[in-house]
Amino acid sequence: LETEAESRCGGLVFHCEEDRFLVDFLWISDKLRGRGTGLALLEHAQQEAARRKCRLIQLFTKTFQAPEFYPKAGYKLARLEKGEHYDIYHYEKELIY
C-alpha cells in the first residue's frame, strides 16, 4: 500500500512582497521528475503571480538540487552565491502583461 506521504507528487510554497512573487520551496517527487510536472507547477505559480499582479518571480536553488532546470523554464540567473559545500543559484523571471 502507498502511504499518504508516498503519494504526494510535489508542491510549491510562496509569498508575495509588493510586486514580487517569491518561491520559498519547490519539490517534485522522484517518480515524477522528467515528466513535465515541475514545469506545470511553475506555470501554475506564474498564473497565480499574474493574478496577484506581480511583475517578477524570484526563487533559489542549490547545487545539489536542480539548478539546470530553471533556465529551461525561462528563468534567468540573477545571482550566484559560491559556498564552501554548495552554491546557491538565484533565478528570476519577469512577467509581462
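These notes go through a predicted model point by point.

1. Basis. Residues are numbered from 1 along each chain as its sequence is written, and side-chain values use heavy atoms, with hydrogens and water left out. Because the model is predicted, local features need pLDDT of at least 70 and side-chain atom pairs count only at pLDDT 80 or more, while totals for chains, interfaces and linings use all residues.

2. Overall make-up. The protein has 3 helices and 5 strands, where helices (H or I, at least four residues) and strands (E, at least two) are DSSP runs numbered from the N terminus. Along the sequence the elements follow the pattern α-β-β-α-β-α-β-β. A box of roughly 45 × 40 × 20 Å, taken along the principal axes, holds the C-alpha atoms.

3. Burial and surface. Of the 97 residues, 28% count as buried; buried means under 20% relative accessible area, exposed over 50%, and partly exposed in between (1.4 Å probe, protein chains only). The protein exposes about 7,000 Å², and carbon and sulfur atoms supply 52% of that area. Accessible areas come from the Shrake-Rupley method with a 1.4 Å probe, and for residues only the protein chains shown count as cover.

4. Contacts along the chain. A contact means heavy atoms within 4.5 Å. Of the contacts between residues at least 6 apart in sequence, 53% join residues at least 24 apart.

5. The sheet. The 5 strands form an open sheet with mixed pairing, in the order β1-β2-β3-β5-β4; two strands pair if DSSP finds at least two bridges between them. β1 (10-17) and β4 (76-81) each have a single partner strand and stand at the edges, so one side of each is left without a neighbour in the sheet. On average, neighbouring strands are turned by 25° against each other, direction ignored. Axes here are lines fitted to C-alpha atoms, for helices over the stretch in contact, and angles run from 0 to 180 degrees between N-to-C directions.

6. Helix on the sheet. Helix α2 (residues 37-51) packs on the sheet and touches β1, β2 (20-28), β3 and β5. The direction of α2 makes about 155° with that of β2.

7. Strand β3. Strand β3 (residues 56-62) pairs with β5 (residues 88-94) in the antiparallel sense over 7 bridges, and H90 in β5 is the bridge partner of F60. With β2, the pairing of β3 is parallel, over 3 bridges; here I57 in β3 is the bridge partner of F21. β3 is mostly covered, as 5 of its 7 residues are buried.

8. L12. This residue lies in strand β1. L12 counts as partly exposed because its relative accessible area is 21%. Not counting residues up to four places away in sequence, L12 touches V23, F25, L26, L41, L42 and A45.

9. Positive phi values. Most residues other than glycine have a negative phi. E18, in the loop between β1 and β2, has a positive phi near 55°. K53, in the loop between α2 and β3, has a positive phi of about 65° although it is not a glycine. E18 counts as exposed because its relative accessibility is 81%, and K53 counts as exposed at 62%.
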